[in-house]
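Open the model in your viewer and keep the selection panel handy. We will walk through it one stop at a time.

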Amino acid sequence: MIRFGLVFIFLSTGLVTCNAQLSPQGLKEDQKYAELAADADKNFRESVSPFVKKYCIECHQNKRPTEAGVNFSPAIQKPGDAAFTQQWKKSIARVKAHDMPPAHANHQPSEEERKTFVEGVAKLKFLSPKDPGLFVIRRLTKTEYGNTLRDLLGVDRSIADALPDEVSGAGYLNSLTPIQMELYLGMAKRAVEQLKVSTNPRSVQLRDQFFQSENISEKETIGVAESAARGLAKKVYRRPPSQQEVDVLLSVYHLGIKNELSHRASLQLMLEAMLVSPQFLFITPAESIDPGSRTVRVDDFQLASRLSYLIWGTMPDEELTSLAEARKLHELDILQQQTTRLLMDPRSRALFDGFGAQWLGMTDLRTKTFDTTKYPQVTDELRSAMYDEARLFFECVVRENRSVADFIDSDFTFLNSSLASIYGIELPLDIQKMQRWQLNPSDRGGLLGMPGVLAATSFPNRTSPVKRGVWVLEQLLGEHVPSPPPEVPNLEDQEKEKIANLTLRQRTELHRTQAVCANCHAILDPIGFGLENFDAIGRWRDHDDTGGRIDATGELPSGERFASPRELKAILASRKEDIARNLAKKLLAYALCRNLEGYDEVVVDAIVESIATDGYRMQSLIRELVVSYPFTYRRIQLPNKPTASSE
Amino acid sequence: MMHRRTCLRGLGAALALPLMDVMGWAETNKEYKPPVRLGFMYMPHGVIMDQFWPKDADSFLSSPPPALESLRPILDQCLLMKGIAGVPIGPFSGAPHALELSTWLTATLPNSDKRNEVNIAISADQVAANFVGAFTTLPSLELATMPQTWKENQAGLNEAYYSHCSFRSPTQALPAEINPRSVLNRLFHRDDKKVDSPSEERREALDRSLLDLVLGGARELRRTLPQSDQQKLDEYLDSVRSVERRIAAIETRQKEAALEKAGLRSSKRTDADSPPIEIKIPEGDKRSEYMQVMCDLNVLAFQSDITRVSTYIGSTPNGVSYPELGFKDQHHSQTHHNDQPEMVNKVAKITEFNIAQFAYMVKKMHSLREADGTLLDHCIMMWARGSRMATSIHVRTFRSLWRDEVVEL
């Protein structure tokens, strides 16, 4: 018996070294997760499912017409299914806002029932099995493609301008069509043409290294071509090429020679072929994958690309590549160190251009329409300054590793003369370059007082308390706001004589008297009213366009009251955990190029829990995200086994 | 390696043969018969039936319903249909608009177990392109008025469903071109270069051989990838093949031109055919001018036989308004009209506007001479609006205009 036991222990230690998931720590976590799943399941059966059956299913079930197209029949059969994640989220928002069940329904849930329903639905994430999510090789985006050409060949990244714009963010449509393929062929040619004449140091170095044709004897050419193919492909493919891949490139070289191209021109033809190859246009794995596996670790080269494209929006540099070559990048401390290094590098501005601007809703600021008779000061220069202020501020929070709360409340910003005039600050000289500027504790400081944000959440000719309210709830706090029913008239359509002498606040409140609108607006509007002191381009004002005095008092859904932007700011800044959770969610979706699903919520929980200990710092958040399970692993199997219950 | 390349060469030749045959210049003695082209144009939401459906067949030509007024000169060539099966959207009833476009030409619902991926069916236009696409430089042409970047993944559906109508395969949505200038460049490839110079001709051949090799490499890569990645790579392979085919078609045309110059073949165009129409890209942002230039491009593509299949998404379901008509209301909000006359009227105006753009296109086709008739005589054009469910309009059907002709593709 004893000997048997000993052998057993030996065996299990042997396993521990090769499979991290069987470590005692991992086992404990798995157990904990199993308990949470059991609890969520119990909760679902005891409170969520009865709630749905009692209050929702009568209208929202599997028969036509289903009210508003919302159907709970399949969702209560498979509550943990990722397909219903969004539906459950929306249901929480509606129930919380007392929007559902509708006022005319026969039964109304008690406050207690609403609360248990919301809590029960929030636990559904634990019903999802541990899953890093499907990750399919993806094509470089337009921006990434341009940046990569620049960093690879030293050519102008505007070559990529020919490509059509893409759906941004989590919904980026990662497809490739004949038109695009044709464009890629044209762009590859243009890039090689530019490389031939460019004086950019990178171009010169690349030409010296790979396209030298002097002093090469006839006999040596093949050897030179082969080493050029290998060396170039390692850069272009972002991983070492396989022998087969080198052979394909050599056959392109021979094609050139056969067509009476010179040695050098044939090498250039080879580069052209690389630039239209899937190995360049897509981020492909370096190692072939066992077809039977379901989930695999993202290999070191792919991880280097994933990280580099996330933070820099371009190809990995030498340091990342050599760590990948040494098979070291995936090691926890090295991966964290590298993340920090990338964040501290100026190239990390790509994180704002790609993610930050989208998060803040500022991607369209440069082309947004403004009423120029009312706001003649909105020039291209001002638009750029508005954008750069937010960018520099975002970068500062990241590089100085500040708390996410600083996004809301801080005592500095970045200004130049044209932006300072919006702030009502006079700079001593005419300064065009953005300067860091210390602010006295005031209503400004932080995103809520930034002209760019305030303008992005306004209409061309007036402010929109509703848009601003939605922005604060969705973009900062991560709450889901139900969308308005289609029949609701806009403020503009209210009867003219009735509203002639009302301030915007009074008009919006009038709009709120309609029962269908009241519930949601009771939540949205007070937040937006708290920012009414800022006009549609972010200038401070004490009076509305009608001359009425601005009343900036309001109340958050949680019951906290405020009387000025400054007080609103203070309240929001105290909700660090919500802000951190929301940022983690949005950034994770951006990093993974997909919408978040069941298990991802568990990952987000873990990130938030871990960064709570050092005050929700921005770099810690990004580092935790980079080492997380869905970022370092990927599921490769399609969910293509049709289930018995499919509709 | 050898064997793969041989195989590819073989494939290229197999494609080239019917190409020569069908384009007509291999049969100099036979009378030239223009090919049949197929075009689709779309508007979302519903139409106001009283304003659209004729009272009776007799009065149809003399006093057509207001929505069809713009088609007057060619009404006798139009066929109106209603009650063509709309797809019941069952499990996706939370997403009436998200599926309008993608079910239009596929007549299928997405696979509900894979709703967050593209997984539907090949669309009608692409079925046609599979048959006739190989004979032209572009297998098909996809146009749209609005960028396909609107995000709305209702009921957990992939966003592509919302704004795409053409599906190359069940898993690949084809994006549409919205910039008239890019369309023009695409139709005429290297517009800035002389295509008939010998070095350019050699370059085309080199491009094709280069793509052959790249394609072979991509196939080898495919074998090392997991199944999920393979699907993505198939799009790549498909795209490269399409570019190759297009270069092959250009080469064939160059050869044809050379033979013609030498007096060996007769051109397929006759002197009586109208010359290619001129394209003027408008300066302003007037919707009608913009849609008309897209229609012109469609006409030109058909006229010069650059493609024989097209789709034009004239408008998308949400967020679209028509300031040109004198009101700013969004199309979608007006369709929830509950029979309020003012809103009903606005929906009718919007429908009229959309049909007028379609009418502009087909009337232009009607005005162009081709072979023994007009360009329109060799085209099947369909205008349709999406299916929808609303309290105000209870019929859930497609209403369509279809040119009255039997097709032989």
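Predicted model: local features only at pLDDT ≥ 70, side-chain atom pairs only at ≥ 80, totals over all residues.

Residues are numbered from 1 along each chain as its sequence is written, chains are lettered from A and ligands numbered from 1 in the order in which they are written, and side-chain values use heavy atoms, with hydrogens and water left out.

**Stop 1**

Select residues 300–311 of chain A, helix α13, together with residues 332–344, helix α15; their axes come within 10 Å and cross at roughly 30 degrees. Helices here are DSSP runs of H or I with at least four residues, numbered from the N terminus. Axes are lines fitted to C-alpha atoms over the stretch in contact, with angles from 0 to 180 degrees between N-to-C directions. α13(A) and α15(A) are therefore roughly parallel (angles under 35 degrees).

Now show side chains: Leu303(A), Leu307(A), Ser308(A) and Ile311(A) of α13(A) meet Leu335(A), Gln338(A), Thr339(A), Leu342(A) and Leu343(A) of α15(A). Contact means heavy atoms within 4.5 Å.

**Stop 2: α20 and α25**

Next, pick α20 (residues 465–476) and α25 (residues 576–592) of chain A, whose axes come within 8 Å and cross at roughly 75 degrees. That makes α20(A) and α25(A) roughly perpendicular (65 to 115 degrees). Glu474(A), Gln475(A) and Leu476(A) of α20(A) touch Asp578(A), Ile579(A), Asn582(A) and Lys586(A) of α25(A).

**Stop 3: aromatic rings**

The structure holds 24 aromatic pairs over all chains. Rings of Phe, Tyr and Trp (its six-membered ring) pair if their centres lie within 6.5 Å; planes under 30 degrees apart are stacked, over 60 edge-to-face and the rest tilted.

Select Phe352(A) and Tyr387(A): this pair is edge-to-face, 5.4 Å centre to centre with 75 degrees between the planes. Phe352(A) sits in α16 (residues 349–359) and Tyr387(A) in α17 (residues 380–399) of chain A, so the pair ties together parts 35 residues apart in sequence. Is Phe352(A) buried or exposed? Phe352(A) counts as buried at 0% relative accessibility (buried is under 20% relative accessible area, exposed over 50%, partly exposed in between, with a 1.4 Å probe and protein chains only). Tyr387(A), at 8%, also counts as buried.

To finish, select the ring cluster, whose linked members include Phe352(A), Phe355(A), Trp359(A), Tyr387(A) and Tyr590(A).

Notes:
Helix = DSSP H or I, 4+ residues; strand = E, 2+ residues; numbered from the N terminus. Parallel < 35°, antiparallel > 145°, perpendicular 65-115°, else oblique.
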